[in-house]
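The following exercises are to be worked with the sequence and the structure in view. Each task is followed by its solution in steps.

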Amino acid sequence: MTGKPVLHYMNARGRMESIRWLLAAAGVEFEEKFLETAEDLAKLRSDGSLMFQQVPMVEIDGMKLVQTRAILNYIAFKYNLYGKDIKERALIDMYVEGVADLGEMILLLPVCPPEQKDEKIARIKERTTNRYFPAFEKVLKSHGQDYLVGNKLSRADIQLVELLYYVEELDASLIASFPLLKALKSRVSSVPTVKKFLQPGSQRKPRLDEKALEKARKIFRF
Amino acid sequence: MAAKPKLYYFRGRGRMESIRWLLAAAGVEFEEEFIEQREQYEKLKKEGRLLFDQVPLVEIDGMRLTQTRAILSYLAAKYNLYGKDLKETARINMYADGTLDLMMMIALMAFKPPEEKEENIALVVKSAKNRYFPVFEKILKDHGEDFLVGNKLSWADIQLIEAILMVEELNASVLSDFPRLKAFKAKISNVPTIKKFLQPGSQRKPPPDSHYVETVRNVLQF
């Protein structure tokens with residue numbers, strides 16, 4: 001028993017990746033138990049390990065936490081990445097919920113019916129360019145500080161930069177007219193723990209390929 | 001003198017109802033501005049009050065908060081409904097996220113094709129009876145206390161009773177196999193602030209009707 005957090009999920013990004021990013025950025029070593037088959041998931045369920053029969057699940061500090069947000073909140077609090085007071089937390093929450101909304105659209109792209117895919121991608125690009133990127137650029141411009149909230153690195157910066165990488169994978173040109181976002185991406189990527197996580201060999205997961213998608217379909221039966 | 005929080009949303013439940021419940025349960029008086037025309041929404045956007053061009057919007061303590069969960073977390077923390085330590089907060093988040101998922105299923109039903117209504121209701125009731133309610137029944141049974149977390153009223157209890165009442169509107173006998181939840185419902189309904197909110201004339205909103213659906217579609221143009 002190592003005392004390190006243990007992450008239970010597929011060997012893929014999915015809903016666990018933002019948790020991996022946050023732990024890594026906080027400099028926390030973690031272990032992973034990958035679901036490989038439907039039976040692995042069935043076992044976790046029958047063990048009573050999954051409160052709502054769903055993953056992600058993270059074993060941490062004697063708890064079996066489920067619900068992505070609950071897990072992220074706990075980690076952010078514990079490792080001081082959640083602002084200095086309740087108002088800073090409110091701003092951070094608002095920003096990460098926006099990140100999560102756009103992130104969700106990108107997350108679900110692989111499972112969208114092929115005939116709808118182009119439309120969905122167009123919508124993601126439109127939302128990125130007209131709603132989300134302008135909102136965050138405006139926040140950074142409004143205070144001129146290096147980080148989104150309280151002039152200090154928080155989960156909001158980490159989660160936004162994670163998203164910026166996904167948007168870049170989709171279309172590298174989308175960030176072109178957002179200089180402050182580009183600067184934030186550079187800055188956060190240079191934080192030693194994040195820099196390490198961005199290197200090959202880390203626990204960061206690659207983009208979902210056909211093989212991984214097939215495996216996910218078998219495990220979760222969709 | 002502190003100004004009352006002001007809520008901007010449609011005249012209906014949607015994503016604002018959980019916020020109304022939490023404020024009411026905390027004994028906090030609040031004002032509401034109802035969006036009935038597209039022009040009001042355009043005005044809010046133009047004035048830069050909606051970070052991601054979305055409602056709910058709650059103006060409170062000098063902030064313009066959007067994103068339902070950010071608002072709920074702020075209120076829970078401010079009014080001491082978020083547990084006494086990090087672990088209790090984590091549990092509350094887990095439970096609240098679960099019930100929010102269930103309530104969102106119900107909220108979105110109103111916007112699906114009418115011919116799917118029966119099927120959707122059946123799905124929600126099944127989800128409540130098989131996935132969500134058993135979890136809370138067990139939690140209450142295991143510790144034998146009146147409240148879900150820390151033997152004290154929290155955000156998790158307020159969300160759960162809101163969810164129970166919403167599901168009961170779809171299927172009156174849904175609690176028949178859950179004696180602890182029945183007792184919980186009775187107990188929480190009698191908390192004075194909640195009792196008041198449950199009475200006619202409070203700011204609690206009715207289930208969505210066709211006028212509500214039409215208004216939302218018209219304002220958000222979908």
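Two residues are in contact when they have heavy atoms within 4.5 Å of each other. The model examined here is predicted.

**Exercise 1.** Determine what share of the contacts in chain B between residues at least 6 apart in sequence joins residues at least 24 apart.

*Solution.* Begin with the elements: chain B contains 9 helices and 4 strands. Along the sequence their order is β-α-β-α-β-β-α-α-α-α-α-α-α. Next, take the contacts between residues at least 6 apart in sequence; 67% of them join residues at least 24 apart.

**Exercise 2.** Explain why helix H3 of chain A is described as largely enclosed by the rest of the structure.

*Solution.* First, count: 8 of the 11 residues of H3(A), residues 68–78, are buried, so the helix is largely enclosed. Second, identify them: among them are Ile71(A), Leu72(A), Tyr74(A) and Ile75(A). Third, locate their partners: within chain A, the buried residues pack against helices H1 (17–25) and H6 (155–170) and strands E3 (57–60) and E4 (63–66). Helix H4 (86–109) of chain B is also a packing partner. Finally, just after H3(A), Asn80(A) adopts a positive phi of about 55°.

Key:
Residues are numbered from 1 along each chain as its sequence is written. Chains are lettered from A and ligands numbered from 1 in the order in which they are written. This is a predicted model: local features need pLDDT of at least 70, side-chain atom pairs count only at pLDDT 80 or more; totals for chains, interfaces and linings use all residues. Side-chain values use heavy atoms; hydrogens and water are left out. Helices (H or I, at least four residues) and strands (E, at least two) are DSSP runs, numbered from the N terminus. Buried means under 20% relative accessible area, exposed over 50%, partly exposed in between (1.4 Å probe, protein chains only).
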